[in-house]
Amino acid sequence: MNVLITGGAGFIGSNLVHYISQFRPNWNMTVVDLLTYAGNLQNISSVLEGPKCKFVRADIADSAAMSKVFSSTRFDLVFHLAAESHVDRSIMGASAFVRTNVLGTQTLLDLARSSDVQRFVHVSTDEVYGSLGREGRFVETTPLDPTSPYAASKAASDLMVLACYKTHRFPVLVTRCTNNYGPYQFPEKFLPLFISNALEDKKLPLYGDGTNVRSWIHVNDHCEGLLRVAEKGREGEVYNLGGEEAAELENRYVAELLLQALKKPKELIEFVKDRPAHDLRYAVDCSKAQRELGWMPAISFEEGLQETVKWYSENRVWWEAIKSGEYLSYYQENYGERLSS
Ligand code: TYD
């Protein structure tokens, strides 16, 4: 079985590479990643040392480079995870999101379709549905109503993928997952940013009043869901994947939990100017994945958060190296005027 994983040096992609190497050891993986600021080959170095994984640095929107990748191997399965994924960066500038997420996805679809790929799993996000009030959950048929440029670019790519099924009967599957957490997450996202800032005794910039709700899923539960979708999902279908009900939590509460786990004072939290059009709440109904694929998240948020806090405490070298250079200019641009010091 030959598998192409785009974005395999990023957060979810690198965890998927480790997961496949552990649970599908016979699969041959090719990882394609452009290694932009968020991609890091260190994330998968142990797997790359073995015989089952090779790496190609390429831009998924570059059809000449990607056509070389597709002509070097006949892939049975594609997991497409390469994407620009940070809402705050998309607010600062959206064009990279359109190029990678929309054009990049279409480039892959064209090449995969002409090279007889058997399954194409497009990894998307619950953010394409927009924002929920305090009640209710998104189902797969909820109309798309994205708020941020990031979510809009993912919604556009979802529609191109689904159109490829409707028009050409190309065997695509789309997953829409809630907020992931775990090792190797770039420290611009809420949990790794807050954990690493707390470890450095820096302020935790909590947007608005901190009552926005996110549904948290451990990245390994997500990876298991992706394998089930690839192996058992129905072509042309969308599957929501998400955390357990108990992991639908207000940001403020999550910030306090992680400070407790690190034995740091609550005073590190600083309420800062809100993100524009900040979605109030995300939560998905995963009963379709449960019914059709027998999938459910297995890692409780309590257990997963402890393990994740431990990982960031023990892997300071990994995130300290990242929190330099380009990161510092991003941090200054996004938080400079928001934070008191
Ligand atoms: P994030 O990790 O950016 O994911 P998303 O917005 O895609 O869900 O943010 C998660 C939540 O945390 C979201 O409600 C915004 C909030 N947040 C903060 O309060 N402060 C921050 O510095 C960041 C990055 C996020």
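1. In this predicted model, glutamate 326 and arginine 89 form a salt bridge through their side chains, at 2.7 Å from N to O. The two residues are 237 residues apart: glutamate 326 belongs to helix α13 (residues 326–335) and arginine 89 to helix α4 (residues 87–92), so the bridge links distant parts of the chain. Glutamate 326 has 39% relative accessibility and therefore counts as partly exposed, whereas arginine 89, at 11%, counts as buried.

2. A salt bridge also joins aspartate 158 to arginine 176, at 2.8 Å from N to O. Aspartate 158 sits in helix α6 (residues 149–168) and arginine 176 in strand β6 (residues 172–177), 18 residues apart. Both aspartate 158 and arginine 176 are buried.

3. Lysine 202 and glutamate 200 meet in a salt bridge of 3.3 Å, N to O. Lysine 202 is partly exposed, at 41% relative accessibility, and glutamate 200 is partly exposed at 27%.

4. Glutamate 270, in strand β12 (residues 269–272), is buried but has no salt bridge. Why does it have none? The nearest side chain of opposite charge, lysine 203, is 4.6 Å away, and a salt bridge needs a nitrogen within 4 Å of a carboxyl oxygen. Beyond its neighbours within four places in sequence, the contacts of glutamate 270 include Lys203, Arg338 and Ser340.

5. The largest nonpolar core has 65 residues, and Ile5, Met66, Phe70, Phe79 and Val121 touch the most other members. Helix α8 (residues 219–232) supplies the largest share of this core, 6 residues. A second, separate core of 38 residues includes Phe186, Leu193, Phe194 and Ile322. With neighbours within four places in sequence left aside, methionine 66 is in contact with Val32, Ala58, Asp59, Ile60, Leu108 and Leu111.

6. An open sheet of 3 strands has the order β7-β9-β11, with mixed pairing. Strands β7 (179–181) and β11 (248–250) are at the edges with a single partner strand each, so one side of each has no neighbour in the sheet. On average, neighbouring strands are turned by 50 degrees against each other, direction ignored.

7. Strands β7 and β9 (residues 213–218) run parallel and are joined by 3 bridges; tyrosine 181 has histidine 218 in β9 as its bridge partner. Helix α8 lies across β7 and β9, at about 70 degrees to β9. Helix α9 (residues 251–262) also packs on the sheet, where it touches β9 and β11 and makes about 85 degrees with the direction of β11.

Technical notes. Residues numbered from 1 in each chain as written. Predicted model: local features only at pLDDT ≥ 70, side-chain atom pairs only at ≥ 80, totals over all residues. Heavy atoms only, no water. Helix = DSSP H or I, 4+ residues; strand = E, 2+ residues; numbered from the N terminus. Buried < 20%, exposed > 50% of the residue type's maximum accessible area, 1.4 Å probe, protein only. Lys, Arg positive; Asp, Glu negative; His and termini not counted. Contact = heavy atoms within 4.5 Å. Core = buried A, V, L, I, M, F, W, Y, C linked by side-chain atoms within 4.5 Å. Pairing = 2+ DSSP bridges. Axes fitted to C-alpha atoms, helices over the stretch in contact; angles between N-to-C directions.
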